[in-house]
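Dear colleague,

Here is the structure I promised to hand over, and my notes on it follow directly below. Please read them with the sequence and the model open beside you.

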Amino acid sequence: MHIWNEYTYTAYNITIKAYGMLCACVQKKSANTGHRGKSKAAQYRTMEGLASDCDWDSCLSAVNLGDRTLYICSEAVPGKIGASRLPGDEHLIRTHFPQGTCFALTAYNPGDQLQSNTKNALVNATLEKELQSEKPSEVGLLNSFAIVNQHGGNRFERGFFLVSPSRQSSAAENVVTAAAKRYGQASYFRYVRREDDDVFQELVDTASGRVVVSSRIVPVSAPHCPPMFADPSHNSVFHGIKKIAQVLKDLQALSQDVIPPDFWRATSSILDDVIPSVKADHPVLVIEGLDGTGKSTLCENLSKAIPNATLLATPPKPLLQFRASFDGYPALIRRAYYSLGNYIAAKEILSAAKTGPVIVDRYWHSSAAYAIASEVECGGKDSIPPQGHEVYRWPHDLLKPDLAVLLVVSAEVRMRRMGVRGGVKTKEEEWLERSQKFQERLLGSYERMEFPSLLKVDANGSKEEVLAAVLKVIQDRIPTPTSVLSP
């Protein structure tokens, strides 16, 4: 039984620690209580002047273990937040929680209310690089995340989980302590596996090294919808030009010398304008699919088969020269770049559609699907937001295509076609090649798109067969004179 709300967490009294990514949960009346109704952890935060309104009774946290996302909390908490402990939870925590001693840390600064999502993404990416270079070679590094309910609103934070195989982990803890001090983190979390194999979570004061509070953790059921999709500001799926503009303008303010001035000159008219969602004069056909499904070949053939057709692609030409620069940024900024390309392409589509049909090699569906599949990080199709979630709905201010086709092929055919391709691959394309679960999440995201949805076409056949199949779909779905299509 799923007990989380599908879209938001407002139905649950969830409050997450604002510093470490895996969060200590304590009872108001426990051995650690210094004042009636307030734990030492809560007093500590009040003394620091940070997160003073946090309720430490209701906490939930998660760590990505590669094949799954493990949700945990204090053993006293599941009922308070509406979560359910998993059957055999003691066995699960002992077998799936990393062995040795672990630490959790983030570079997000909850004390700075003006700190933007863009800045958080940049500083957290820097923290990750530093931890990778500074940690002992035997120490692993995993991604983790949390929802922070602070000052009356939810806040999504990402962070990192260092895994030391040894219970004697002073070298790893020295790295964590130094990083916490650099990023102004008043505390971090340490996870200790005791002799009975129970795992305890300790909130550690960065300055003194003292343990502020300790609690035994248990695994709980996963939410019906991944937490990063509880609010549009928590993820890198863009449903409007305003969010894109905010991220890119924040980037400009934070790193003016990194992005070439030519980029801002090429995009200023889009970022500053309200783009009307109008209908094109002639049909707009979008072709989508995983890498290696034959999109580019089909698009070329369609542009030749349909008289007066224009072939366009995303990212559009005005942005291509900046692609390598943006591919090196964190996901939020990288996806803002690709999403911006859709809006520039929309203007090109409207112009080209004045004289005939337009074929588009990838559009918003791809930007959204790759973002969704990348945000989740673990698991397959069942790990992404459910059918009907608002994340799959077309942006209100972006030109809609008349028809969107999703090419699907077998894994064998796709890999064979990929083998003869060249060119530089994005991070997502590299991930697609090596991760079956990522492929499942990506395809699942495409399949759940709405308004417009994607029509599947089997592309396992020859290029002539695929062209014929798609031309028939066009004839069946788009009211147009038969003369528009060549024999």
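Of the 487 residues of the protein, 56% count as buried, where buried means under 20% relative accessible area, exposed means over 50% and partly exposed lies in between, with a 1.4 Å probe and protein chains only. Please keep in mind that this is a predicted model, in which local features need pLDDT of at least 70 and side-chain atom pairs count only at pLDDT 80 or more, while totals for chains, interfaces and linings use all residues. Residues are numbered from 1 along each chain as its sequence is written, and side-chain values use heavy atoms, with hydrogens and water left out.

The protein has 16 helices and 15 strands, both taken as DSSP runs numbered from the N terminus (helices are H or I, at least four residues; strands are E, at least two). Its exposed surface comes to about 20700 Å², of which carbon and sulfur atoms supply 51%; accessible areas come from the Shrake-Rupley method with a 1.4 Å probe, and for residues only the protein chains shown count as cover. Among contacts between residues at least 6 apart in sequence, 75% join residues at least 24 apart, a contact being heavy atoms within 4.5 Å.

I looked in some detail at the strands around β9. Strand β9 (residues 199-205) has seven of its seven residues buried, so it is largely enclosed by the rest of the structure. Both of its faces are covered, with Val199, Gln201, Leu203 and Asp205 buried on one side and Phe200, Glu202 and Val204 buried on the other. Strand β8 (residues 187-193) pairs with β9 in the antiparallel sense over seven bridges, two strands being paired if DSSP finds at least two bridges between them. Within this pairing, Val192 stands opposite Phe200 and Ser187 stands opposite Asp205. The hairpin of β8 and β9 has five residues between the strands, and Asp197 there takes a positive phi near 75 degrees.

On the other pairing of β9, five bridges join it to strand β10 (residues 211-220), again in the antiparallel sense, and Leu203 has Val213 as its bridge partner in β10. The hairpin of β9 and β10 likewise has five residues between the strands, with Gly209 at a positive phi near 80 degrees. Strand β8 also has six of its seven residues buried, so it is largely enclosed by the rest of the structure; it pairs with β5 in the antiparallel sense over four bridges, and Cys102 stands opposite Tyr191 of β8.

Glu202, which lies in strand β9, counts as buried because its relative accessibility is 11%. Leaving aside residues up to four places away in sequence, Glu202 touches Tyr188, Phe189, Arg190, Val192, Arg194, Val211, Val213 and Ser214.

Turning to the aromatic residues, rings of Phe, Tyr and Trp (its six-membered ring) pair if their centres lie within 6.5 Å, and planes under 30 degrees apart count as stacked, over 60 as edge-to-face and the rest as tilted. By this rule the count comes to 15 aromatic pairs. In one of them, the rings of Phe97 and Phe161 have centres 5.7 Å apart and planes at 85 degrees, so the pair is edge-to-face. This pair links distant parts of the chain, 64 residues apart, with Phe97 in the loop between α3 (89-96) and β5 (101-105) and Phe161 in strand β7 (residues 153-164); both Phe97 and Phe161 are buried.

A further edge-to-face pair is formed by Phe263 and Phe322, at 5.3 Å centre to centre and 85 degrees between the planes. Here Phe263 belongs to helix α7 (residues 261-272) and Phe322 to the loop between α9 (317-320) and α10 (323-327), 59 residues apart. Phe263 is buried, with a relative accessible area of 0%, and Phe322 is buried at 3%. Ring pairs link Phe263, Trp264, Phe322, Phe326, Tyr329, Tyr337 and Tyr338 into a cluster.

Finally, the charged end of Arg194 sits over the ring of Phe200, 3.7 Å from its centre, where the rule asks for NZ of Lys or CZ of Arg within 6 Å of the ring centre and within 35 degrees of the ring normal. The charged end of Lys243 sits over the ring of Phe238, 4.8 Å from its centre.

With best wishes
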